[in-house]
Amino acid sequence: MSRPLKLDPDRLLPAEERTRSIARELYREVAGLPIVSPHGHTDPTWFSTNENWSNAAELLLAPDHYLYRMLYSQGIALADLGVPDKNGVPAHDPRKAWRILAENIHLFRGTPSSMWLSHVFGEVFGFDVALDASTADLYYDRINEQLASDAFKPRALFERFNIDFLATTEGPQDDLSPHHAIQASGWNGRVVTTYRPDAVIDVEHEQFGDAMRVFAEKTGEDVYSWDGYLAAHRKRRAEFRAAGATATDHGHVTARTANLTHDEAERLFRTILSDRWTPQDAELFRAQMLTEMAAMSVEDGMVMQIHPGSFRNHNGGLFASHGRDKGADIPLRTDYVAALKPLLDRFGTSTELSVILFTLDESSYSRELAPLAGHYPCLKLGPSWWFHDSPEGMRRFREMTTETAGFYNTVGFNDDTRAFLSIPARHDVARRIDCGFLARLVAEGRMLDWEAAELAYDLTNGLVRKAYKLDQPAPAPAPVAAAA
Amino acid sequence: MSRPLKLDPDRLLPAEERTRSIARELYREVAGLPIVSPHGHTDPTWFSTNENWSNAAELLLAPDHYLYRMLYSQGIALADLGVPDKNGVPAHDPRKAWRILAENIHLFRGTPSSMWLSHVFGEVFGFDVALDASTADLYYDRINEQLASDAFKPRALFERFNIDFLATTEGPQDDLSPHHAIQASGWNGRVVTTYRPDAVIDVEHEQFGDAMRVFAEKTGEDVYSWDGYLAAHRKRRAEFRAAGATATDHGHVTARTANLTHDEAERLFRTILSDRWTPQDAELFRAQMLTEMAAMSVEDGMVMQIHPGSFRNHNGGLFASHGRDKGADIPLRTDYVAALKPLLDRFGTSTELSVILFTLDESSYSRELAPLAGHYPCLKLGPSWWFHDSPEGMRRFREMTTETAGFYNTVGFNDDTRAFLSIPARHDVARRIDCGFLARLVAEGRMLDWEAAELAYDLTNGLVRKAYKLDQPAPAPAPVAAAA
Amino acid sequence: MSRPLKLDPDRLLPAEERTRSIARELYREVAGLPIVSPHGHTDPTWFSTNENWSNAAELLLAPDHYLYRMLYSQGIALADLGVPDKNGVPAHDPRKAWRILAENIHLFRGTPSSMWLSHVFGEVFGFDVALDASTADLYYDRINEQLASDAFKPRALFERFNIDFLATTEGPQDDLSPHHAIQASGWNGRVVTTYRPDAVIDVEHEQFGDAMRVFAEKTGEDVYSWDGYLAAHRKRRAEFRAAGATATDHGHVTARTANLTHDEAERLFRTILSDRWTPQDAELFRAQMLTEMAAMSVEDGMVMQIHPGSFRNHNGGLFASHGRDKGADIPLRTDYVAALKPLLDRFGTSTELSVILFTLDESSYSRELAPLAGHYPCLKLGPSWWFHDSPEGMRRFREMTTETAGFYNTVGFNDDTRAFLSIPARHDVARRIDCGFLARLVAEGRMLDWEAAELAYDLTNGLVRKAYKLDQPAPAPAPVAAAA
């Protein structure tokens, strides 16, 4: 006995009728706009090789930490879901993994995953019955069948999804050849990289040593001297720029910045490379490097994204068995006011620099982030992020930042995902929530309808293009063609 | 000139008409479900002796810190309300105390006390005029008259309130004879105890010395040696289990846990028993004991409740004159992420352990608690608590936890009260607010009606029974019969 | 092509029709009540000299940090707006400054500035076209023309605005002669001062040395001895009282208080006056002075206002070029529970003392401030402040404080502004939002209509008059006549 799957065309719009009808009109004008995705974690080889994906569980379940963390929290073993551990992908039956998801789909009620999955199932795969235990096999087979078709190859979906710009994330230790291959292929999808140097900046990162070795090889610089290390960053940044990057990304534990002298920084760097560093040294070095990265951004024009506030790998037992990125990162209380001051004292009045701030600590929205972004020319606010990439999270973001920072110090939506098939769903949620928020302002006489319509466009396409400099000419040596 | 008292049948449901009609239907199905009250502070002797209560002021006003703290905040002396001080109940006229409440009833506008009192007056005592200065005596007399009747004896009200399970709270130093008497009485009301060992764990508690002496007497263990102390806990836990307890409760200042070696813990315990302990020692010992309690819970299956974050007895002058629990406890900023890590590193992946977390710091809902409970198998979220046991507090709890933790990592409602007559009112508020929240999800196309109906039941009865293991067979030596 | 400016008569009321109609009725009864403004920063010489203001930009733009901080955040130079720097008002064209505002008016969409400006333009200046690039000159000319008229002199507007009480803010180092001139003038507008001693208390304030010198001159006391310093405060407080002040105001970085012995305080004061003080000394001295000010308030009856939690002059570059108060103050996480305990341990049970607490950290509303104010007789909550003086900010304030502190531990609205023309707009926003909040409580069956009507009055006029003691007889030596 299966139940129908029907997407409510008015989903996520406010229930109140007058507000809803305003929201509906706003949404109608932006629903079909191209997707601009300036921050995410999709795999560029999907688009360079354009090979079909394998199966439903491996594409939709095993890589999606939103899904498997919820199942894990209810006592389900990650191995049964095919989530890789330290020895790689465990022996498992993907069909059975899919059935586990189906049998436990009720756990996701009220979560954004529920909205995203319904969208993927209904819009991308064309299901008209809901996923549950009775339809698990039907789903599994039909999804796999479609995934094997030409229409479901990565580039075909990219085009079907109307994606105008898609940024991936690579480190200085990573190979950009997939991006070069995309550029060389003649395909006109704009898929570019983002410079994320955490692995060569954070000495507490378990990959630091290896990443530094590759960093040395790839740049030919003496990365174990302070000046050589900085030169290596400059070299890689230029290569990333040439491969289309417009931004850098920094996922530090805190937002702390520092402004050391060259000599102090050099001494600290030597300590970091020794065995004698303390956690305080590690933190101070990350802090200093944010300021160094800002200095390079002033030179090369790359937009900085700062994503602080996650206690990585909190579950000690799970980290030992499975390693990082297994849904065990937990947000931390995060300070921005004292933390950012050294960087801002150096570059705060610059109109060359652009820094986009994110948070996992919603209490900082109205207290710190909106006041900072509503004052400093170089600061903008990234959208509600990660755990807060959700209807209530987005609503709180707008309610707690708009009155102080306005809309024009924000930068549109980031999907921040490696779940490629959910990208349209995620952008759709953001568009609906923003239109609902704007509609409430109109319904309460706080804004006029034509202002809301302008804003709906800006929140969807205008601000993100400007903030990430998508329409600025690429730098001289860059071979990448600007997309429409 | 008295005003009518009329309870709006749609009270607390969302105002928007379509949402309200969905909420109304959801509520209709759960309004009459039995009350499950797994965490509270009623007096078990009420149910063992089944004697009538004395008068309105002593039953409804003097023990209710929500009421007398508000009156006190406006300059009214606690003595005039009959609130006990260090010398016991002060000389006072209970009728006059009641009149003071009546004359100041406007102070409670917009507070949950206002909703609870109206429910108690209207539903329990059958008043159809509102309480104010003009009706104070009428109320006082009519309440006293009813309290003297058989229909208002504790067991009769327990049955009339349709209470299926009621937990009280006792310490290792307390006598369980009222519970034994209830069990032996043949009355089939399920009233059980909860193991709350704070007084023998917190050396900063002013009753620590006395509690330890009684702990030694009651257990016959050498509670002044570390191993004897742990053995004494095990013995009392077993006795609590036998008296029907399914849970322990821990009201620490912080959520800090520790994971010391046996030798470290033993040394710390000796320090605690000496005169040389510092506040840091006291804190570390409480931290270690949470982990020890978790270890015992893995053994005996008792659910742990952790209620941190209250600065007890903040008002120095009032504490000197009146002692503890006089409405002067103030919430503190509370960290869970670092604090719980030692315990979680030891038991975090266990599916034997179940820990229910509470908070007085709402900023931790979306930042820490929902992410932790949405990941760790052993963690669940208790409901919005104490100051946040209120319509807006409950709404914020759902809005800030559901998207990350889902509904199924929460445990239903706790009334946490010693105001027995208000128990139905409190559960009714929770049911209405939850139905309103679910109705909004339905009205916004985020959930289907049948899903909301399932959840309304689960939030009322299903989750609490499971989380507190109410339907698991009692342990072998337990003589208590399972209630309907 | 200009667009019409039309103020929605229902603006800021809830969109839902039933709730809106309740709100509309509540609002109708309070919309025309007199304005009571017990905390603000208007210039008393406006009312003593009653001279016309100069021009639109200098009156409405250059002094309004809400406006120029937003423009600055988008890269506009403060010099172009006529905002003074360290050398005074920069060479600029006020008409061009005004045009910049007009061209960028869209930046304010969704901010309270947008609501305030529309009110000022529509209600005060009678415009029926909106401000934008096309109407900038029309606005500039018409505003200037009106500003030159008798009807726009300060006293005329004061009367037209129906202001019943207006407090300004002066320091112990300031001259009260404008206030004396107002009192002597026979004009019956009630404009009084407030005692704000920060400049002689905060040794980290760049004006401390100068302010102390003037403090010594004005009082004739030996302000460089601890007892003389306290005597000087007493003397100035008496003079402020005589000039009509009913309150003091304290804008410290934190809410920390201390309760040192006389000898400890004296030693600390000597350190503060030396060159050897540390930031910790400065903080402890501020803390001690809050308690000293509380002691004096117990003596003289002045209400204390504590406004903590702002990191002043965060933008180092801007502070160097422009000095303080340039929109670069950023809120800080603020503790009240530990911070206020020393003061409360000394005066917490006093019914003589009245302390009004403000915050820029909304996470403290439900966690700390409402529990404190809902218990201590001497504490009341000031309204949502500064960045939170906004529709969403006011709504959150009520939602997060009312259930614990009630309405009667709050004190009505503060406009806290030096933008005189926006005072009616700001009070109007507060009245609308409060009526909307009350209407929701009525619509949800949580309050009766007549209770809401009483509260609407109390939140507008009743509570502020009581909290700031506006209707108590002035002290014996005070020559000021009580206003209607």
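Leaving aside residues up to four places away in sequence, A:N55 touches A:P94, A:Y140, A:N144 and A:L147 (contact means heavy atoms within 4.5 Å). The model is predicted, with pLDDT of at least 70 needed for local features and 80 or more for side-chain atom pairs, while totals for chains, interfaces and linings use all residues. Residues are numbered from 1 along each chain as its sequence is written, chains are lettered from A and ligands numbered from 1 in the order in which they are written, and side-chain values use heavy atoms, with hydrogens and water left out.

**Setting of A:N55**

- A:N55 lies in the loop between α2 (44-49) and α3 (56-61) of chain A (helices are DSSP runs of H or I with at least four residues, strands runs of E with at least two, numbered from the N terminus).
- A:N55 has a relative accessible area of 9% and is therefore buried (buried is under 20% relative accessible area, exposed over 50%, partly exposed in between, with a 1.4 Å probe and protein chains only).
- The A:N55 side chain reaches the backbone nitrogen of A:A57 at 3.0 Å.

**Interface of chain A and chain B: extent**

- Chain A gives 47 residues to the contact and chain B gives 46 residues.
- About 3800 Å² is buried between chain A and chain B, with 52% of this area from carbon and sulfur atoms (buried area is the accessible area, 1.4 Å probe, that two parts lose on being put together, summed over both).
- On the chain A side, A:R109, A:H314 and A:R333 lose the most area to chain B, together 20% of what that side buries.

- Six salt bridges are found across the interface of chain A and chain B (a side-chain nitrogen of Lys or Arg within 4 Å of a carboxyl oxygen of Asp or Glu).
- One salt bridge joins B:R367 and A:D361, whose closest N and O atoms are 3.0 Å apart.
- Elements of chain A that each supply at least two residues to the side touching chain B include α4 (65-73), α6 (112-124) and α15 (316-322).
- α18(A) supplies the largest share of that side, five residues.

**Strands β4 and β5 of chain C**

- Strand β4 (residues 247-250) of chain C is covered on both faces, with C:A247 and C:D249 buried on one side and C:T248 and C:H250 buried on the other.
- β4(C) pairs with strand β5 (residues 303-306) of chain C in the parallel sense over four bridges (pairing requires at least two DSSP bridges between two strands).
- C:T248 has C:M304 as its bridge partner in β5(C).

Key:
Polar contact = N/O pair within 3.5 Å; in protein donor to acceptor, adjacent residues only side chain to side chain.
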